[in-house]
Amino acid sequence: MSYLMAIDAGTGSVRAVIFDTNGNQISVSQREWTHLAEEGVANSMSFDCKSNWLLTCKCISEALSLANLKGEDITALSATSMREGIVLYDNVGNELFAVANVDARADKEVKYLKENFPGIEEEFYGASGQTFALGALPRIMWLKNNKPDVYEKVASISMIGDWILFKLSGIIATDPSNGGTTGIFSLKNRDWDSTMAGRIGLKEDIFPPCLEVGTLMGVVSEKASQETGLSTSTKVVMGGGDVQLGSAGLGVVKEGDVAILGGSFWQQVVNIPSSVIPPKDISVRVNPHVVSGQSQAEGITFFSGLVMRWFRDAFCDMEKLEAKERGIDTYAVLEEKAKEVPVGSYGIIPIFSDSMKYGKWYHAAPSFLNLSIDPLTCNRASMFRSLQENAAIVSSINLDKIKEFTGIEIDTVVFAGGASKGALWSQILSDVTGCRVKIPKVTEATALGAAMAAGVGAGIYKDLISAAEELVVWDKSYEPDMENKKTYDELKIKFNHAYEAQLKLVDEGVTTSMWSAPGL
């Protein structure tokens, strides 16, 4: 039996996951890591390459041990990571500077670029599908402005997943799905556009080869073999961004396929041809997909899962006790109670994440509107259901924006992540969108996607599409109640009006934004 390893470098942890070639998970080892602020640098989130490599090595060796496998049993491996995080190297591969995905130190640089290069962000967005807010250009400019001696040594750039593959193979490269999130990129060509850097006075010669996902890069080096327990015969294969490889692990690999990933943040992704130009209103993000010839239009809903956790921990002690007594999850108890609440949750409107406005994106202050003092209708169950409905409504609004500029009609949505475990939440999503909602059996979609990439590089699978068709298995599906959809269509309109009014309170300084993009 051959085995494949996926290394998943997420925001909060790194994992090594071993699969067999039938897609069955054999073992997993995980280590939490922390991205600390750089002393004296506001809004920074540094990535510690030295300590994080040690954690990665521990995960790899432990995953082998837990599976009772030797290094030579791993035919191939690949890696996936949080997007936007970057690593800069000198000319011999020493890491000079690294930041995690939501590092926002370059606030001044974002403002400088907007003010001194009028229209350039819009132009670059039209080519790359990215804005400056979390892009690499402002961060590299920050380095040039604040640490010029370090900047002068920069000879190459990669993403964090690419960095893991470099540590294993000695080869620096990237792929379109992850590298594309730097914004220094052409969606159409699926390759770097280094002229973007040159136009704002940055180096144009630091961009390594851009390889398609599943490309064989080499094998594990002798040094990495000693550090991890892997064999020097293990193939190292180009991976990709976590959302895009996660989509592949969910079977979302063909044009027109749609997924909603319901985690701490919710992402709504739609596969489109690479030739599709991003919308002029900069309403959504567009990323290269892991499948050649495709991009993904992406909407993002902020904090949906985190808001649920906050609500549970702040208000639901009784449900926690009940769940403990019954031996079930607290969310299951809350869903049982929320099922008794009518569609629309008695008109309660949660104000947390706005729909995506990628060009100028900020949120209102967190709140609930239309609360009453009737405990029979305004209580934990109705507020919980209103949060579930709101996450689905904002997702639906983002999908509407994607449909508007792509012309793609959506009738089926793949729903995955922690939120998809909720039967009520899944049904609400189906009712709100009017789509059939399919739930996959896989619980490790991102890691499975990376294992698929490894298998493609090793010749086990023809390509990612055929791998997905072979490995992805469906658990259940939900059909929409079109009468409920009529109610939710009205709620979508009310939500948009309410949110617009709440943003005005932020503009007037009456309330405080939950989040705003750097540079606003």
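Contacts along the chain come first. Counting contacts (heavy atoms within 4.5 Å) between residues at least 6 apart in sequence, 71% join residues at least 24 apart.

A word on the source. This is a predicted model, in which local features need pLDDT of at least 70 and side-chain atom pairs count only at pLDDT 80 or more, while totals for chains, interfaces and linings use all residues. Residues are numbered from 1 along each chain as its sequence is written, and side-chain values use heavy atoms, with hydrogens and water left out.

Now the overall build. The chain has 18 helices and 21 strands; these are DSSP runs, H or I of at least four residues for helices and E of at least two for strands, numbered from the N terminus. The radius of gyration is 23 Å, close to the 24 Å that the globule rule gives for 520 residues, so the chain is as compact as a globular protein of that length. That radius is taken over C-alpha atoms, and the rule is 2.2 Å times the number of residues to the power 0.38. Along the principal axes, the C-alpha atoms fill a box of roughly 70 × 60 × 45 Å.

Next, burial. Of the 520 residues, 59% are buried, meaning under 20% relative accessible area, with a 1.4 Å probe and protein chains only. The accessible surface of the chain is about 20,700 Å², and 50% of that belongs to carbon and sulfur atoms. The areas come from the Shrake-Rupley method with a 1.4 Å probe; for residues, only the protein chains shown count as cover.

Helix 10, residues 242-249, is mostly covered, with 7 of its 8 residues buried. Among them are V243, L245 and A248. After helix 10 comes G251, with a positive phi near 80 degrees.

The buried ones include W425, I428 and D431. G434 follows helix 15, and its phi is positive, near 70 degrees.

On to the cysteines. How many disulfides are there? The count is 0, where a disulfide is a pair of cysteine sulfur atoms within 2.5 Å. Take C378: the closest cysteine sulfur is in C316, 13 Å from the sulfur of C378, and that is too far for a bond. C378 counts as buried because its relative accessibility is 16%. C435, at 3% relative accessibility, also counts as buried.

Notes
Buried < 20%, exposed > 50% of the residue type's maximum accessible area, 1.4 Å probe, protein only.
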